[in-house]
Number of protein chains: 2
Amino acid sequence: MNPDITRERQNASFDVEKLTYILDGGPEKTKRRRQIEALVFSDPDFNEDDPNFLSRSERYDQAVRKSAQMILKLREYGIADPEEIYHYKSMVKGNQQEPFGLHVVMFIPSLRRLCDPQQAKKWLPLADSFQVLGTYAQTEMGHGTHLRGLETTATYDPATQEFVLNSPTVSSIKWWPGGLGKTSNHAIVLAQLYSLGNCHGLHAFIVPIRDMTTHQPLPGIVVGDIGPKFGFNEVDNGFLKLENVRIPRENMMMKYSKVEPDGTYVKPPSSKLTYGTMVFVRSMIVGESARALSKSCTIAIRYSAVRHQSEIRPGEPEPQILDYQTQQYKLFPLLSMAYAFTFVGQYMTEIYHRISEDINQGDFNQLPELHALSAGLKAFTTWETNSAIEVCRMSCGGHGYSRSSALPDIYVEFTPTCTYEGENTVMMLQTARYLVKSYRQAEKGQQLSGIVSYLNESQNRRVQPQAVASRRPLVDINDLSSLVEVYQQRAATLVEMAAKSIQQELQRRKSQEDAWNNSAIDLVRASDAHCHYVVVKVFNDKLKGVGDTAIHSVLSTLALLYAMHGITKNSGDFLQAGLVSVPQVLQISVRIKELLSQLRPNAVALVDAFDVHDKKLNSVLGRYDGNVYENMFEWARRSPLNAAEVHESFQKYLKPLRSKL
Amino acid sequence: MNPDITRERQNASFDVEKLTYILDGGPEKTKRRRQIEALVFSDPDFNEDDPNFLSRSERYDQAVRKSAQMILKLREYGIADPEEIYHYKSMVKGNQQEPFGLHVVMFIPSLRRLCDPQQAKKWLPLADSFQVLGTYAQTEMGHGTHLRGLETTATYDPATQEFVLNSPTVSSIKWWPGGLGKTSNHAIVLAQLYSLGNCHGLHAFIVPIRDMTTHQPLPGIVVGDIGPKFGFNEVDNGFLKLENVRIPRENMMMKYSKVEPDGTYVKPPSSKLTYGTMVFVRSMIVGESARALSKSCTIAIRYSAVRHQSEIRPGEPEPQILDYQTQQYKLFPLLSMAYAFTFVGQYMTEIYHRISEDINQGDFNQLPELHALSAGLKAFTTWETNSAIEVCRMSCGGHGYSRSSALPDIYVEFTPTCTYEGENTVMMLQTARYLVKSYRQAEKGQQLSGIVSYLNESQNRRVQPQAVASRRPLVDINDLSSLVEVYQQRAATLVEMAAKSIQQELQRRKSQEDAWNNSAIDLVRASDAHCHYVVVKVFNDKLKGVGDTAIHSVLSTLALLYAMHGITKNSGDFLQAGLVSVPQVLQISVRIKELLSQLRPNAVALVDAFDVHDKKLNSVLGRYDGNVYENMFEWARRSPLNAAEVHESFQKYLKPLRSKL
């Protein structure tokens, strides 16, 4: 054990284990998680080469092997609880992805959701036994977010009772679905349904794409991998071009809408249920943000505790880089963010489950709020985390660029969350739509409830920036509840400003749609402020339930740092709305420095509490024992370019070059 | 040619070619650059596979081949002017690096700088003929910025008249030098010199590391590649462990200091010349920022002109995504930044050459200012560009993640500039040291000249935030010169605040060093504001020299957008210092929207003016002809995972899995 990191742990003011329980949701959860993780790291079948040493094809190969093993082992151990499966998989995957992901996360759930009973009876056993390996093919090369724009067609032929599927243009080629390129033999294809000369819009079809025995592509199917990406090397994101592909009528997924044998189209009863999956996945992504950020902070903070560099006082030994105020200022606000997002992730899971029960009982009242919240928080937390991972990486100096640090992997595997499952700007605008709608309702005198209820009050104090700026602010900057209030009022102000911008555009005779587009900057800003408020609020609420005094104290410091740092970073907003005064902004800057000093002795303990096992972290810089340099040297020597002492390019190019000069 | 992009070009209000001349520095320069670029793209010897389709070893191999060819061709064509060599190399390299980089950029110049005449006569011909292939080994695994901390030792043995070099610890292993792992047969090694029992500090030694005939590592040399990184796949950044390696006394680089045969150490005359190289390299990096950002904007803006998505007005065709206000707000400020940094790059080159002449004539007066400026602007432009590339990538939706977009490559090849040649936070603090020193001089009544002369005035109006906030600001927000003034005053305020923070710490009986560290956040902020001011000022100055009315008009719009966007992003600073009022901040937000609309018809033309050849851009999204989708499909089909229709993992893992379930 590195002596620096041992000393750090001795200096902690709280019991790390107890904080881990809070993060896991209780000691029993921690215990069970560790049991499951131990199943993986003690299993020789999961020993492997660092994927960074392998070619793309070898990486894919290794990942398929691991996924197949994982399926067998989960059944062998009888692990079936989704949370437990998640822990097992996280441990196997490390910082990489798995090629079968969509079979389990999208294909099987879609079969359950969209098949009528007869179809379910046919397809589910095939999928559960991996005879059928499937994916979900929605996005096309030229079309993403806007589903009505999809071009793939499925035309019903009553003569043979078949659908004929086509990709009529290059831009209609299905593009991006995970596991589509090489792994899957079936795909749920979203296509515009034509029958008897009419278009009935987007419907889902089960399309066999590869022979189930030979795995060769079927006639009319052009399928393959979309090529190397920024990360996701383990996944064969694929393309699919359909050329007069015929499938039986029964392969249209008929739970809600149908095509009769004669071609008659039967409409679906209206349904809000499809909403649910999106909300669930987006809520999950909030948790993913927290985990990616926790890993990154663990690496950067442990490394900063063992790395010595330069000098603060001349003549003294090089200090730990964690002693530099600039390093603390880079990392501790991110550490506080990791805690904040962890609690927001828990909060999202809780309300998702609560509202799911309401929905099961036919009560859809709270769905729009949850939808808006999950969209906005997905965007807010992924954007923040995305930048934060890179700050962590760069805070490690040169070694952060080495793949051995794991930070490049964490970044490239995480960054797609900003785009998939709803592009972030689009998400922010969806949340803004809900906020503006709520604002208008409040304006009309309707009493709002739930998370937007603060918009009721904003009606009582019309925003008049000039007057407000000179108003005496009453906030107590050292009181977290008071800061929550300030964030709330900032959100209210910005929602009001966005709503007013739309109104002004309308007064200039713009159409509703153009008024919306011409206010989009303000709308995104309003959503951002709303989400920021929710995060600060949830962190504050969480503190109320923490009984342990030492832990309460350190978490309060983190929460205060999170809130104050957000104010300094957006001080213009708060000053503009007259919510804090200029002297208060200066006081906050001074207080932040004090909070950094207070957190310094607990920094390593606070990342230890995330309890990310070394095998899962897979980072030489973030090792629990702090023995960074020996292990980096050992890792480098195993690197494939070192397999031969003399690279063949010497004989091929360098030696001949000399004689030619 | 894609009709959307043709229409965009028809809508431009200015002559693109003329703007290219301004960016290149004159029509003759543009012509010559194009001639040189044409030499490469018409040369079949440089046809190659997309490096993203190759393994690490293949990438290295291909890069060595190209580097060797490049050397021969440059000699063949007689291209010797550094700028022309730069153009040729940029075209060959595309978005990648070259493994020989350090031989030319560091090894040979160091030989010139540090060898005495006899040594130069021996080594330079060997290096010029590539018999000796060298690198510059300074950084160690445990030591970067702080040179005094380096641990490698060179101990003189008078008995044999040799130096004995050692890496006494794991952390002393040389780590990171480019070309060290596999390519070089010599290295300039920086080591602590010991002679007759005394340590004389860091000195440079020429160390043979591989046999010049067999290329095998020499006895006592442990050398290799440091393993995969985030980018720089073409470069064999290496490690070097020295185990009692003996080199003749004559291999110490003796231009300035010497060790006599008997071991007597002869001190160097003090020299400021070493300063020069760092300043030059950092000035170059400012230009690299501009180029990376120009490429990224070219890709994102062209793609946004051909990509159609969603709807603004219901029922109408999907609009170009460049019509969304949010997309304009993401990209146009970055476009203005690309122009700003291009002009700052030109400015740095000009003053570097001007001051170099002064130095050659023995006048070192302006060197400290240039040093501070190059350090700060290196940090400012690389940090800004680093984030900006990622915004460009994410503005392309899913396709930005594809390696075919080139944006991932541009990012990973660029991001190390934030760390190498002076870690950015350290750079900002160096600039701050100069600013605070200048401030103190002004405080003492000394009249400052040059770029910091604004600190003279700040002494006349002591910063009193509260009073200032209520002062009536006099800025005309639509006048760029007025905004330059505002940026200047913001910088003055923040320099003053940082200086006062140090003073306050000293009054609390902190040592000078602790006071500095405890004010580091404020110091970085002050440097940032200073650099921001310089950029706005240089942009404004540049406009004065633009004669063409149409070009002057569009560049003025860009400059205004750059300045205004910076104010909204940092509005807290400007409000706090009372430099703009709350209503003005709101007016600026409205004006920014107007500027976005004004720039919209010229956006494609403005990136066309960067004149980045398709072969150099290597991006399917950024193609000049806008034919994105067909080419993306073609690229994907060439991807190596598609070499076989059925990947071997099907037979190995997927088929067996079924039978086991």
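A salt bridge here is a side-chain nitrogen of Lys or Arg within 4 Å of a carboxyl oxygen of Asp or Glu. By that rule, the structure holds 89 salt bridges over all chains. The model is predicted: local features need pLDDT of at least 70, side-chain atom pairs count only at pLDDT 80 or more, and totals for chains, interfaces and linings use all residues. Residues are numbered from 1 along each chain as its sequence is written, chains are lettered from A and ligands numbered from 1 in the order in which they are written, and side-chain values use heavy atoms, with hydrogens and water left out.

**Interface between chains A and B**

- Chain B brings 138 residues to the contact and chain A brings 137 residues. Contact means heavy atoms within 4.5 Å.
- The copies meet through the same surface, because 99% of the interface residues of chain B are also interface residues in chain A.
- About 11,600 Å² is buried between the two chains, and carbon and sulfur atoms give 62% of that area. Buried area is the accessible area (1.4 Å probe) that two parts lose on being put together, summed over both.
- Phe230(B), Tyr401(B) and Arg658(B) supply 7% of the area that chain B buries against chain A, more than any other three residues.
- Between chain B and chain A there are 10 salt bridges.
- One salt bridge joins the side chains of Asp61(A) and Lys652(B), at 2.9 Å from N to O.
- Helix α4 (residues 56-77) of chain B gives the most to the side of chain B that touches chain A, with 10 residues. Helices (H or I, at least four residues) and strands (E, at least two) are DSSP runs, numbered from the N terminus.
- Polar contacts link 72 residue pairs across the interface, both residues being at pLDDT 80 or more. A polar contact is a pair of N or O atoms within 3.5 Å; within protein, one must be able to donate a hydrogen and the other to accept it, and residues adjacent in sequence count only if both atoms are side-chain atoms.

**The sheet in chain A**

- Three strands form an open, antiparallel sheet in the order β4-β8-β7. Strands pair if DSSP finds at least two bridges between them.
- β4 (174-175) and β7 (221-225) are the edge strands, each pairing on one side only.
- β4(A) pairs with β8 (residues 238-242) over 2 bridges. Trp175(A) stands opposite Phe239(A) in β8(A).
- Helix α23 (residues 628-637) of chain B lies across β4, β7 and β8 of chain A, at about 115 degrees to β8(A). Axes are lines fitted to C-alpha atoms, for helices over the stretch in contact, and angles run from 0 to 180 degrees between N-to-C directions.
- Arg56(A) forms a salt bridge with Asp225(A), with the closest N and O atoms 2.9 Å apart. Arg56(A) lies in helix α4 and Asp225(A) in strand β7, so the pair ties together parts that are 169 residues apart in sequence.

**The sheet in chain B**

- The order is again β4-β8-β7, in an open sheet with antiparallel pairing.
- β7(B) and β8 (residues 238-242) are joined by 5 bridges. Ile221(B) has Leu242(B) as its bridge partner in β8(B).
- Helix α23 (residues 628-638) of chain A packs on this sheet, touching β4, β7 and β8 of chain B.
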